[in-house]
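Please read them with the structure open.

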Amino acid sequence: YLIKNVVKELEKRGYDCIVAFAEGVPTQFVQYFSHKNKIAWIHCNYVIAHPYRESDVYLYDKFKNIVCVSKYTADCFMTRFPMLRGKVKSIYNILDYERISNLSSLPLDDSLYQSNKGDFNIISVGRIATVKRYREIPRIIKLLLNEGINIKWFVIGPIWDQDEYNLIQQNINQYSVSDSVFFLGGKENPYTYFRHADLLVCLSESEACPMIFNEAKIVGLPIVSSDFGS
C-alpha cells in the first residue's frame, strides 16, 4: 500500500522513461508504475544468480524492454524466460576513455602497495566473494615462487563474503605466502594501480560483462583470465 502511494506521487511529475537499474528491489519497485516505457536492466547471468520463480515471468512482462549488459547475459536470460525473447536487448556498458586515462596517471600513495624492483606485480580487482575464486591465489603464487619468479599479488576490492576471506587467509598460511599477497580494500581510483602493475588476473567462475578488462586495456595493462561465458 505504501509503495503504491509513493509511486502514485512520483507519477505526477511525469517521465519519458523509467529504468529499473538492477535486478531485485529496483525491478520490483518499478513494476508498479503505469508508465508504458519501463525498462529493466540485467547485470548478471540470471540462471546462476537467481533461483527460478514463476512470478518473475509476470514481473518482467510488465516492462517494455529488458536490457542486458552483454549478449551472453541476454542469452542466459532468454534461456530462463524464452517467452520474453521479444523484449530482450543487449547494450554493452560505455567507458569514459579520457577520464580513466587521466585517473590512471595520478600519483599512487598506498603504504600497502610495496613493489620492489624486480618484482612481478599482479593485480585482481573485484569484491571478495566465492565467484571470484581468490582462494586460488596462494596456490598459484607458491607455484610461481617455486619457479624462481619474484611475485607480488594485490587484490583491490571490499570483503563481500567473510567466510571466503577467511578461507583465503587459511590458504595463505598453508602455502606460506603472506609476504606475497596483499588485500588493499576498495578504492575510488583503482586505475592508478594499473599503471604500476605488470598484469591483471581474473580467476572468476562467472562474469556478466567485466568492465575491468576494457578499463585495463585503456591503460595498456595485459590481462589473463579464466574462461567464462561472457
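Predicted model: local features only at pLDDT ≥ 70, side-chain atom pairs only at ≥ 80, totals over all residues.

1. The side chain of Asn189 reaches the backbone nitrogen of Tyr191 at 3.1 Å. A polar atom of the Asn189 side chain also lies 3.0 Å from the backbone oxygen of Leu103.

2. Where does Asn189 lie? Asn189 is in the loop between β7 (181–185) and α9. Its relative accessible area is 17%, and because the cut-off for buried is under 20%, Asn189 counts as buried. Once neighbours within four places in sequence are set aside, Asn189 is in contact with Leu103 and Leu106.

3. Ile122 has Leu199 in β8 as its bridge partner.

4. Helix α10 spans residues 211–219, and its buried residues are Ile212, Phe213, Glu215, Ala216, Ile218 and Val219. An α-helix has 3.6 residues a turn, so residues three or four places apart point the same way. Glu215 deserves a look, as it is listed with the buried residues of α10.

5. What covers the buried residues of α10? The cover includes the strands β5 (120–125), β8 (199–202) and β9 (223–225), together with the helices α6 (97–104) and α9 (191–194). Just after α10, Gly220 takes a positive phi of about 90°.

6. Strand β3 (residues 65–68) is covered on both faces. Asn65 and Val67 are buried on one side, and Ile66 and Cys68 are buried on the other. In a regular strand the side chains alternate between the two faces of the sheet.

7. The pairing of β3 can be followed to two strands. Strand β2 (residues 38–42) runs parallel to β3 and is joined to it by four bridges; Ile42 has Cys68 as its bridge partner in β3. With strand β4 (residues 88–90), β3 pairs in the parallel sense over three bridges, and there Val67 stands opposite Lys89. Together β3, helix α5 (residues 71–80) and β4 make a right-handed β-α-β unit.

8. How many disulfides does the structure hold? The count is zero. Cys44 is in no disulfide, and the nearest cysteine sulfur to its own, that of Cys68, is 8.5 Å away. Seen from Cys68, the closest cysteine sulfur is that of Cys44, and at 8.5 Å it is too far for a bond, because a disulfide needs sulfur atoms within 2.5 Å.

9. Are these two cysteines, Cys44 and Cys68, buried or exposed? Cys44 counts as buried at 12% relative accessibility. Cys68 also counts as buried, at 0% relative accessibility.

Technical notes:
Residues numbered from 1 in each chain as written. Heavy atoms only, no water. Buried < 20%, exposed > 50% of the residue type's maximum accessible area, 1.4 Å probe, protein only. Contact = heavy atoms within 4.5 Å. Pairing = 2+ DSSP bridges. Right-handed = clockwise from strand over helix to strand, strands pointing away. Polar contact = N/O pair within 3.5 Å; in protein donor to acceptor, adjacent residues only side chain to side chain.
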